[in-house]
Amino acid sequence: GATAVPVGATSRGANLFDLAAAGGFKSWFFSAQNRHFLNTAGGAPGAARIETLDEHREAYGREKDDYLVPLLREAATDSAGRKFIFVHQRVNHVPYNRNCAHVPEMAAALPPDALDVNVRRVALYDAGLKCWDRNVAKLVDAVAGRPGAVYVFITADHNELMGERGLW
């Protein structure tokens, strides 16, 4: 088993990076969130490379989550045999309209400010999902040409927006 490592005032148990290391995988952690979120999740022990928003603020300001694509592509072409690459996006966090503002066709499809606040919120959420679909396609494309099996796991954070403030 993994040795517990202090995270703030608490200790953490084994996480995905411990399991990957035990399975002989080389690991990477790339996130559009800042390093604080990595630390609260137990860190990425043994990761060959950790890059967060803190190292890429300028690129994030220009490209939002798209700055993760070249990082993923570089890790995918590393000579390591077994790889575990963790990518954490921000795409569908409020306000959704900022996340694809750098993509002209996505920005042009955003709903007008004149809509009812809840109608606009749903429309912005839908636009955010389209933005997320676009970003996931770019990330998958970055690893799709890699020889051998490639497994992509997608989990929800709080993108589902079900019941927040009684909206649905």
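Student: How many disulfides does the count come to by the rule for sulfur atoms?

Tutor: The model is predicted, and the count comes to one disulfide.

Student: What makes C100 and C131 a disulfide?

Tutor: The rule asks for a pair of cysteine sulfur atoms within 2.5 Å. The sulfur atoms of C100 and C131 are 1.8 Å apart, and the pair therefore meets the rule. Both C100 and C131 are buried.

Student: Why is the disulfide of C100 and C131 called right-handed?

Tutor: It is called right-handed because the torsion about its S-S bond is about 85°. As for what the bond joins, C100 lies in the loop between β5 and α5, whereas C131 belongs to helix α6, so the pair ties together parts that are 31 residues apart in sequence.

Student: Which residues of α6 are buried, and what do they pack against?

Tutor: The buried residues of α6 include R120, L124, G128, C131, N135, L139 and V143. The buried residues of this helix pack against α4 (68–76), β5 (83–88) and α5 (104–108).

Student: Why is S27 called buried?

Tutor: Buried means under 20% relative accessible area. S27 has a relative accessible area of 3%, so it is buried. Its place is in strand β3, residues 26–31. Apart from neighbours within four places in sequence, S27 is in contact with F17, A20, A47, A48, R49 and F84.

Student: Why does L38 count as buried?

Tutor: The same cut-off of under 20% applies. L38 has 5% relative accessibility and therefore counts as buried. This residue is found in helix α2, residues 35–40. Not counting residues up to four places away in sequence, L38 touches F29, G43, A44 and I50.

Student: How much space lies in the second largest pocket, and which residues are the closest to its centre?

Tutor: About 250 Å³ of space lies in the second largest pocket. Thirteen residues line this pocket, and the closest to its centre are F29, F37, L38, A41 and F86.

Student: Which elements supply the lining of the second largest pocket, and what is its make-up by class?

Tutor: At least two lining residues come from each of α1 (16–22), α2 and β5. The largest share, three residues, is that of α2. By class, the lining has seven nonpolar, five polar and one charged residues.

Student: What is the secondary structure of the protein as a whole, and what pattern does it follow along the sequence?

Tutor: The protein has six helices and five strands. Along the sequence they follow the pattern β-β-α-β-α-β-α-α-β-α-α.

Student: What share of the protein counts as buried, and what share of its contacts joins residues at least 24 apart?

Tutor: Of the 168 residues, 36% count as buried. Among contacts between residues at least 6 apart in sequence, 60% join residues at least 24 apart.

Note on methods
Residues are numbered from 1 along each chain as its sequence is written. This is a predicted model: local features need pLDDT of at least 70, side-chain atom pairs count only at pLDDT 80 or more; totals for chains, interfaces and linings use all residues. Side-chain values use heavy atoms; hydrogens and water are left out. Buried means under 20% relative accessible area, exposed over 50%, partly exposed in between (1.4 Å probe, protein chains only). Helices (H or I, at least four residues) and strands (E, at least two) are DSSP runs, numbered from the N terminus. Contact means heavy atoms within 4.5 Å. On a 1 Å grid over the protein atoms alone, a cavity is a set of points where a 1.4 Å probe fits but cannot get out, and a pocket is an open set with protein on both sides within 12 Å along at least five of seven lines; lining residues have an atom within 4 Å of a point. Grid points are joined across faces, edges and corners, and a volume is the space filled by probe spheres set on the points. Ala, Val, Leu, Ile, Met, Phe, Trp, Tyr, Cys and Pro count as nonpolar, Asp, Glu, Lys and Arg as charged, and the others, Gly among them, as polar.
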